[in-house]
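Take a walk through this chain, from the overall picture down to single residues. Keep the structure open as you read.

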Amino acid sequence: MVEHSGLDSQCLNKYCHSSSSSSSSEHDKKMFAKLKLSLSGDYPRKNGEILSGQYGTNLLLLGVAMMLAIQGEPAVREEHLLAFVTCLMILQLIWMLWYMLVRDRQKNTRTEKDVHATTCWIRGGLTLLAVLSLIMDAFRIGYYIGYQSCVSAVLGVYPVIHATHTITQVHFLWFHIKDVIQSFETFERFGVIHAVFTNLLLWCNGVMSEAEHFLNNHKSRLFALGYENLTIMHTEPDCNCTTSTCSLFSRSLFYLYPFNVEYHIFVSAMLFVMWKNIGRTIDLSSNKKRLATKIQGLHIGPILGLLALAGTIGVMVVYVTNIEESFQTHNSAISMFYIYGIAMLAFMCCAGSLGLLIYRADHMPPDTSKNPSRQLDTELLCGSSIGSWLMSWCSIVAVVGANSNPPFRWTNLVYSLLVVLEKYTQNLFIVESLYRQQEDGEREDPELPAPPEIFSVTSSLAPPYNGIINQAYETPDRICVSLENEEEESRQVYRCPRKPSEVSLSVRNEVKQPLNIKSKVLKNIAVFLIMSNISLWILPAFGCRPQYDNGLEQDTFGYSTWTTILNFAIPLNLFYRIHSVASLFEVFRRV
């Protein structure tokens, strides 16, 4: 009896142990299944992003290494760099043509689009920059024809491929830049990132060529003042030109470089947004466009902006013509530049501060919807500000520690401080505007599918009801909650029946209201800041760079160090100004 009881107790213990082991095994299997599911969800996408990002970064670094090698011994020459860039453009051309061919074959299938990726006016501005780049390519071809007997054939092939690349890329930007790619994701990531860094490499090449041109001009002025130990690099070929227009083509190229440089950097930004959108699920509720932009009440902003633009042209002409004259006119030109810059920056600081005060007085919740284009705009604004901030703080250190006392010493100090303050204020104003919740009066993008009818029963997109139809009216909140929970899995948006009061309220909100005084002031501020940033872009882009000519920073940091700082800071400052114009125009549309 005791033995039987012991046997029963032993069997019971075995049963319990087996049950516990089985339960633990099932738990481990569930944990492993969840881990496998989580890895299979995001891992391939992150893996593709990291691999393609590393590929593009190393591609850019290889090109930059070749650019730096050109500055030293002639083991690597310009034609080697141009041949490398030409191959990259040909690869991008092949990818773009393949992508457009595939999209043309799939024209019956609907492609998701991100309406925030770009706007018509941005693409129009890029088209204008592309036309100017094509003119530059024509000048390059003419320059090659004049010197074809003693230069490499790469100098003739490069502008032809670049022109073809520009035309194809503009077509791609107009018709496909908003596409959200959902097929061949890994391959498309490499294609898009190749296009991003190819344009970045073309931007770097243009920046270095432009910097070399200004540096040679600076050395020529220093040589005329008695600095005989400077080496001026001559870029003209060793043979005679066979036409009479070679010098005209050579001089004209450097006036077109700023437009070509801005074209490539903007294309890089737009393609980067397309790269971030690959495999993304678009939230239809936030994928909306605003109504037509209202322009009534614009008076003070455009007038002040036109005055700033006219003053900029006058200052540019006087500066360029007087900077190479006598010592007295040289100092007068620099002083005039700083005084004009102080006035411009002071007005811009006041305008940005007034806009921020209006926003602080009008409390509006922030827009937290996912928007890669807006996030990139913010990062580029803050990142490109580093260049001019570095240049300004170097100028402040040089002015405070300078042994000499030129007439523009303290105006340089005030100008540098205002540059820091103006960018700080303008960045806050732009970011505040872009991240504010948009007011009523929006309409959905016409390219998106129409939502189901509010009270439609026969709509194919309407969700099925469990049980009798009256359940939707008996427990409408429960149905809405369950539909919202399933929204991500089905990738469809359903609208629950609204109360009569809600329907009438939305109808009343769609009535166009005239702009109030705050909106008018904000629009005038945006227009004034747009034209002011254009003015401050024109000055350094076309030769007004007192940082090369005033001598204070060069005496403090040394010629080589200060030249390196300027070669880094000035291109970023130029990009900041033109990117601010694009962001402020978006602010103008959103008000």
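Contact here means that heavy atoms lie within 4.5 Å. With that in hand, look at contacts in the chain between residues at least 6 apart in sequence: 88% of them join residues at least 24 apart. Bear in mind that this is a predicted model.

Now the overall make-up. The chain has 18 helices and two strands. It has 591 residues, and 43% of them count as buried. The exposed surface comes to about 31700 Å². Carbon and sulfur atoms supply 63% of that area.

Start with helix α2, which covers residues 78-105. Glu-78 is in this helix. Its relative accessible area is 44%, so Glu-78 is partly exposed. Met-67 lies 11 residues away from Glu-78 in sequence. In space, the two are 8.1 Å apart, C-alpha to C-alpha.

Helix α3 comes next, at residues 120-146. Cys-120 belongs to it. This cysteine is partly exposed, at 49% relative accessibility. Cys-120 and Trp-174 are separated by 54 residues in sequence. Their C-alpha atoms are 8.2 Å apart.

Move on to the loop between α4 (154-176) and α5 (185-224). Phe-184 sits there. Most residues other than glycine have a negative phi. Phe-184 also counts as exposed, because its relative accessibility is 51% and the cut-off is over 50%.

Helix α5 itself holds Phe-214. This residue is at 12% relative accessibility, so Phe-214 counts as buried. Which residues does Phe-214 touch, leaving aside its neighbours within four places in sequence? The list is Pro-540, Ala-541, Gly-543, Arg-545 and Tyr-548. Take Arg-545: it is 331 residues from Phe-214 along the chain. Yet the C-alpha atoms of Phe-214 and Arg-545 are separated by 9.2 Å.

Helix α6 spans residues 246-276. Asn-260 lies in it. Is Asn-260 buried or exposed? Its relative accessible area is 5%, so Asn-260 is buried.

An α-helix has 3.6 residues a turn, so residues three or four places apart point the same way. The structure holds 23 aromatic pairs. Phe-272 and Trp-275 form an aromatic pair. A pair of aromatic rings is described by the distance of the centres and the angle of the planes. Phe-272 is partly exposed, with a relative accessible area of 28%. Trp-275 counts as buried, at 8%.

Aromatic rings also gather elsewhere. Ring pairs link Tyr-319, Phe-337, Tyr-338, Phe-408 and Tyr-415 into a cluster.

Look next at helix α9, residues 372-401. How does its span agree with its 30 residues? At 1.5 Å a residue, α9 should span 44 Å, and its end C-alpha atoms are 44 Å apart, so the two values agree. The helix does bend, by about 30°, at Ile-386.

Two charged residues sit over rings. The charged end of Arg-374 is over the ring of Tyr-435, 4.4 Å from its centre. Lys-523 lies over the face of Phe-588, at 4.0 Å from the ring centre.

The last stop is helix α15, residues 517-541. Ile-530 has its place there. At 11% relative accessibility, Ile-530 counts as buried, because the cut-off is under 20%. What does Ile-530 touch, not counting residues up to four places away in sequence? Its contacts are Val-581, Leu-584 and Phe-585. Leu-584 is 54 residues from Ile-530 along the chain. The C-alpha atoms of Ile-530 and Leu-584 are separated by 6.1 Å.

Notes. Residues are numbered from 1 along each chain as its sequence is written. This is a predicted model: local features need pLDDT of at least 70, side-chain atom pairs count only at pLDDT 80 or more; totals for chains, interfaces and linings use all residues. Side-chain values use heavy atoms; hydrogens and water are left out. Helices (H or I, at least four residues) and strands (E, at least two) are DSSP runs, numbered from the N terminus. Buried means under 20% relative accessible area, exposed over 50%, partly exposed in between (1.4 Å probe, protein chains only). Accessible areas come from the Shrake-Rupley method with a 1.4 Å probe; for residues, only the protein chains shown count as cover. Rings of Phe, Tyr and Trp (its six-membered ring) pair if their centres lie within 6.5 Å; planes under 30 degrees apart count as stacked, over 60 as edge-to-face and the rest as tilted. A charge sits over a ring if NZ of Lys or CZ of Arg is within 6 Å of the ring centre and within 35 degrees of the ring normal. The expected span of a helix is 1.5 Å times one less than its number of residues. The bend at a residue is the angle between axes fitted to the seven residues ending there and the seven starting there.
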